[in-house]
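Colleague: Could you walk me through how to read the sheet and the core in this one?

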Amino acid sequence: ISPQEILVITFTKAAAKEMKERYLKATNKQKTPITFGTFHAVFYGILKWAYHIDASNIMSDEEKKRLVKEELSHCYIEWDDAEGEEEDILAGVLEDIGAIKNNRLRVETFVSKHIRTDIFREIYNAYEKRRKAMKKLDFDDMLVSCLELFEKYPDILKQWQTKFRYLMIDEFQDINPVQYKIIQLLAEPEQNLFIVGDDDQSIYEFRGARPGIMLGFQKDYPKVKEIFLNKNYRSTKNILNAANEVIKHNKGRKTKKLWTENEEGDLIEFHQYRTEYEEARKIIHEIEDLSKEGYDYKNMAILYRTNAQS
């Protein structure tokens with residue numbers, strides 16, 4: 001197989017860069033004609049080739065945020081600035097815009113969970129009108145435009161199918177319907193499709209990710225060979241057993257049991273507090289004790305569920 005025919009896709013630039021570096025190190029090479037990239041980078045390259053667009057045609061997240069914020073300010077919405085409600089509504093509207101594009105929904109039938117539906121449609125239509133007048137694509141448009149290009153011009157699709165005959169997708173649990181449709185088109189007719197993912201790690205549904213796509217992969221490709229990577233190298237037995245016990249209650253997941261050769265490890269501590277201040281004091285004392293024992297601050301991490309808790 002010619003390396004030029006292999007396409008490796010993941011979701012972040014950092015992951016794509018690391019995968020390429022690992023490959024070069026493992027094969028003891030300085031460079032490779034294999035294409036490593038994010039969905040957006042690969043699809044942008046295809047659009048650039050087809051439509052001769054450049055970076056000036058791509059709308060940044062900040063620019064998108066500003067446009068939507070301006071449209072929001074034209075609507076009569078009451079919010080409490082002290083509580084950061086405006087930012088929450090803005091984030092919700094941006095999420096809804098992404099949901100429409102990543103799932104190819106019609107704004108006329110879309111129901112927003114964040115603001116009144118008629119106001120959302122007004123904002124969406126105004127945003128789209130201004131975006132098109134500026135001759136710009138936002139990040140979600142890049143995916144939709146690439147799919148429309150392939151659907152409209154079979155000869156162009158054929159060229160890219162010939163170029164990328166072997167497709168490898170990382171973090172597949174985070175894929176959305178538009179990305180999946182493009183991948184399915186690119187994989188035809190040979191269907192040399194290799195995916196890696198973990199449905200238990202799907203946390204980006206609010207961004208349009210659909211873990212059900214991965215769970216239904218065998219229906220789309222009945223001849224698929226499935227390999228479970230059940231061995232865990234990172235955690236102690238106590239941590240892994242607790243994680244297994246929690247995640248098994250999820251509905252709509254592949255049944256699996258992870259195991260490790262690592263030691264039992266410390267028991268997990270579980271505390272409940274009457275107030276958030278009591279909780280914070282306990283965390284501070286824990287950090288101070290660890291520091292006295294010689295642990296470096298940079299090796300400590302505090303995880304919390306929402307930004308409000310920070």
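Colleague: Which strands does α2 lie across, and at what angle to β2 does α2 run?

Modeller: Helices (H or I, at least four residues) and strands (E, at least two) are DSSP runs, numbered from the N terminus. Axes are lines fitted to C-alpha atoms, for helices over the stretch in contact (heavy atoms within 4.5 Å); angles run from 0 to 180 degrees between N-to-C directions. Here α2 lies across β1, β2 and β3, at about 110 degrees to β2. As for α8, it lies across β1, β3 and β4 and runs at about 155 degrees to β3. This is a predicted model: local features need pLDDT of at least 70, side-chain atom pairs count only at pLDDT 80 or more, and totals for chains, interfaces and linings use all residues. Residues are numbered from 1 along each chain as its sequence is written, and side-chain values use heavy atoms, leaving out hydrogens and water.

Colleague: In what order do the strands of the open sheet come?

Modeller: Two strands pair if DSSP finds at least two bridges between them. The 4 strands run β2-β1-β3-β4, with parallel pairing. At the edges, β2 (35-38) and β4 (193-195) each pair on one side only. Between β3 and β4 there are 3 bridges, and L167 stands opposite L193 in β4.

Colleague: How many residues does the largest nonpolar core have?

Modeller: Such a core is a set of buried (under 20% relative accessible area, 1.4 Å probe, protein chains only) Ala, Val, Leu, Ile, Met, Phe, Trp, Tyr and Cys residues joined through side-chain atoms within 4.5 Å. This one has 38 residues, and L193 and F172 are among those with the most contacts inside it. Elements giving two or more residues include α2 (39-51) and α8 (177-187).

How values were computed
Buried means under 20% relative accessible area, exposed over 50%, partly exposed in between (1.4 Å probe, protein chains only).
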